[in-house]
Amino acid sequence: MGRARTIIDKIWDDHVVHSADGGSDLLYVDLHLVHEASSPQAFDGLRREGRTVRRPDLTLAVEDHNVPTDSLLIQDPLGRAQVEELRRNCARHGIEHFTHGSARQGIAHVVAPELGLVQPGMTVVCGDSHTSTHGAFGALAFGIGTSDVEHVLATQTLPLRRPRTMAVRFAGTTPADVTPKDLALAVIARIGANGARGHVVEYSGEAVEAISMEGRMTICNMSIEAGARAGLIAPDETTTAYLRGRRLAPAGAGWERAAAFWRELRTDPGAEFDREVTVDVSGLTPFVTWGTNLGQAVALGAAVPDPESFTDPGERAAAVRALEYMGLAPGTRLREVAIDTVFLGSCTNGRIEDLRAAARVLRGRTVAPGVRMLVVPGSMEVRRQAEEEGLHEDFLAAGAQWRLSGCSMCMGMNSDRLRGGERVASTSNRNYEGRQGDRARTHLVSPATAAASAVAGRLASPTELDGGL
Ligand SMILES: CC(C)[C@H](C(=O)O)[C@@H](O)C(=O)O
Ligand code: SF4
């Protein structure tokens, strides 16, 4: 019997094409996702070198970062140029490409899983940090830089050093009002915004096993915000049930073979990780960020901390600066913080379950006067499904805006931006200064908390609203 291996080692070992003396391995890439914001220079490089795309059939491109979600016309010249360039590059190299407004368009990390393209045991890369999302399927999924995008386009391989491994085990059962987003925020608050630096994280435990694929994607998506290289969850019945029958998932005899292989991928008993952390989830409540990094988060029922309470001088200084930027005073109850904008969407929380959770809260209620709420499905397929279920009617009746799909307000790279000093309850994943617009103040929350906050006009959880959940 060989040595006990983690799922991370198994996938890695399966993909090594060549091991170099200096310690880096050349890994084969099973799926390469491409978007307009990080690919132009990579394609330029190919052209300069006179190279072609090695496996256009393993490459999929989408327009997500620069597209407006209220129109099919891109007003911004730079955004329009990037999208047009992506279209030309895909046409030239024979890469399948989903254009703005078309039925399959959406955020790369929402589109690929819903097609059944991402499967257990695969290596997935994209010139985008939130590629870690795909780890939810038990895939090893890395965000890569533009020069690596060029390397993958040309060779379908990527040179990488074997990462350190980390196990995050969830102990206990998750309370009913605590969502996967809350779990992700709570883990990062516990281990810090650099707490998983350089590691690939495997999440496990009964609480994880109980989570849907959508929720697992939310958790893996946020791994990056703890500094991890990637995050993944071993495939199980939930994974296979999600994949069965998807357009590009294996079928027939191929399905049986694939499913048998997926079962072998789990971390072997006794396999060792470089680091292990256990997080007890049973006492958790909904979470919210109060600052400008992901480590700066507390329970929604808590107060803005006093910078003096941080013993680490770096953390203390960061808290002082964050509170100034956020316009918050120590000791303020988070529940008393008024918001003027709510953003429901992004590759973290723009999936059908996220929209269902928010619609459930909004049904029969209205968005508070003076609050603008954007609902942006993560893909046009999510939008279609939501409309089939009538969720858009709940959003519109409550006074929210029902948009086309894209990255939208998650990052100010398109026309959906906060205006100077506005404060948002946002279901996205990053809260650094200026991320969502000039002087924008971000509070990261779950879809349920976002919807409740829209109704209350301040940060709120659904259980606080009249009539409760
Ligand atoms: C623009 C893109 C390269 C960037 C990323 O790498 O993640 C963006 O998607 C983000 O979320 O900050
Ligand atoms: S939705 Fe946000 S986090 Fe996700 S890829 Fe787009 S900009 Fe990045």
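Which domains does the shell around ligand 2 draw at least three residues from? The views below answer this and show other parts of the model.

This is a predicted model, in which local features need pLDDT of at least 70, side-chain atom pairs count only at pLDDT 80 or more, and totals for chains, interfaces and linings use all residues. Residues are numbered from 1 along each chain as its sequence is written, while chains are lettered from A and ligands numbered from 1 in the order in which they are written.

**View 1. The shell around ligand 2.** Domain 1 (7-160 + 236-263) and domain 3 (288-460) each give at least three residues to this shell. The domain bounds come from an automatic or database domain assignment. Around ligand 2 stand D64, H65, I107, D128, H130, S346, C347, C407, C410, M411, S428 and N429. A residue counts as near if its C-beta atom, placed from the backbone, lies within 6 Å of the molecule. By class, the shell has five nonpolar, five polar and two charged residues. Here Ala, Val, Leu, Ile, Met, Phe, Trp, Tyr, Cys and Pro count as nonpolar, Asp, Glu, Lys and Arg as charged, and the others, Gly among them, as polar.

**View 2**

**View 3. A sheet of five strands.** The sheet is open, with parallel pairing and the order β5-β4-β3-β6-β7. Its edge strands, β5 (96-98) and β7 (140-143), each pair on one side only. From one strand to the next, the twist averages 20 degrees. Angles run from 0 to 180 degrees between N-to-C directions, and axes are lines fitted to C-alpha atoms. Strands (E, at least two residues) and helices (H or I, at least four) are DSSP runs, numbered from the N terminus. Two strands pair if DSSP finds at least two bridges between them.

**View 4. Strands β4 and β5.** Three bridges link β4 (residues 59-62) to β5 in the parallel sense. L60 has E96 of β5 as its bridge partner.

**View 5. Strand β10 and its neighbours.** Five of the six residues of β10 (residues 199-204) are buried, so this strand is largely enclosed by the rest of the structure. Buried means that 20 or more other C-beta atoms lie within 10 Å of the residue's own, with C-beta atoms placed from the backbone. Strand β9 (residues 164-171) pairs with β10 in the parallel sense over six bridges. The bridge partner of A167 is E202 in β10. Strand β11 (residues 230-232) runs parallel to β10, joined by three bridges. There, V201 stands opposite G231 of β11.

Methods
Buried ≥ 20, exposed ≤ 12 C-beta atoms within 10 Å, placed from the backbone.
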